[in-house]
Amino acid sequence: MPSALITGTSSGFGRAVAQRLHDLGWDVLGTVLSPEEAEGLPWATALVDVTDDSAVEGLRDHVGGSLDALVNNAGIAMAGPWEEMTSAELRRILDVNVVGAMAVTRACLPALRAARGVVVNLSSVSGQAGDPLMGPYNASKFALEGASEALRAELKPHGVRVHLVEPGPFRTPISRAIQTAGGRASSGAYAEAWDGVDHWLSWHEESSADPSACVDAIVGAVLRDDAPFRIPVGDGISDVVRRHAAKLADTATRADTWLATL
Ligand SMILES: NC(=O)c1ccc[n+]([C@@H]2O[C@H](COP(=O)([O-])OP(=O)(O)OC[C@H]3O[C@@H](n4cnc5c(N)ncnc54)[C@H](OP(=O)(O)O)[C@@H]3O)[C@@H](O)[C@H]2O)c1
């Protein structure tokens, strides 16, 4: 029976992916943050905050000598302007979304190499394109993208696949749980941008896409040997792909300009 470790299985994508792999007969270990969250889950659970080094190291014993798939799904969202966010807030999101994912991967790598397994990292369209007041989240997902490129190259000789799933907005509890950096500081200089964020969050919570397409993409990355490295996924995929395409076109234009100066 193939085995998978999925971080953050109390809700959202992580819970649905754990359920899907469990239904397919996989031996699933899902992390949760409290015993209450584990109640009723049909897969094995481990209490792991990905920012807790000793809990993360304990995963080595949980996964044992062989692991077929790791899904680094646990993550938080945070919004706030550069001018107002605190260093502690910035460190917090980088700790969960970047250091946490890298630490969990480090703990699982001996077992993943033994199984010639797969690592799926949950990035975002925010790992490709920045938006006002999303700097903390953009910073974390851009960092995860770069680290995943390095990991992919490191693990190629070991037969371990690495993938980045890059979702656009999907209706999960993340929009309700979003943390605000800078405490919406009193200067009001960013009031208009905050209005935009609030409007977007309401839309995200009520009207963004059903998560099933993203769950399909994550499970597909686990199961398919020929899955691409980057897997953008959105409602009808168009907005996510358009943002990628705009960025690539911009890079190509700049490359032409640089090359012309040589
Ligand atoms: N939904 C979207 O629109 C969207 C778009 C792009 C990318 N993503 C990414 O997809 C991933 C899953 O998000 P989601 O939308 O499914 O949101 P979610 O429902 O809020 O799920 C996040 C999961 O991570 C867990 N978690 C949070 N902090 C943790 C920590 N320090 N240690 C361990 N687990 C922790 C949460 O546990 P608790 O429930 O106990 O807090 C929860 O189980 C995230 O990496 C997110 O950035 C989501």
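The model is predicted: local features require pLDDT of at least 70, side-chain atom pairs count only at pLDDT 80 or more, and totals for chains, interfaces and linings use all residues. Residues are numbered from 1 along each chain as its sequence is written.

Display the whole chain first. The chain has 10 helices and nine strands (DSSP runs numbered from the N terminus: helices are H or I with at least four residues, strands are E with at least two). Its C-alpha atoms fill a box of roughly 55 × 50 × 35 Å along the principal axes. Of the 262 residues, 41% count as buried (20 or more other C-beta atoms within 10 Å of the residue's own, with C-beta atoms placed from the backbone).

Next, select the seven strands of the open sheet, whose order is β3-β2-β1-β4-β6-β7-β9 with parallel pairing (two strands pair if DSSP finds at least two bridges between them). β3 (44–47) and β9 (230–233) stand at the edges with a single partner strand each, so one side of each is left without a neighbour in the sheet. From one strand to the next, the twist averages 20° (axes are lines fitted to C-alpha atoms, for helices over the stretch in contact, and angles run from 0 to 180 degrees between N-to-C directions).

Zoom in on residues 118–122 and 161–167: these are β6 and β7, which run parallel and are joined by five bridges. Here V119 stands opposite V162 in β7.

Finally, select residues 135–155: helix α6 lies across β6 and β7, running at about 160° to β7.

Terms used
Contact = placed C-beta atoms within 7 Å. Buried ≥ 20, exposed ≤ 12 C-beta atoms within 10 Å, placed from the backbone.
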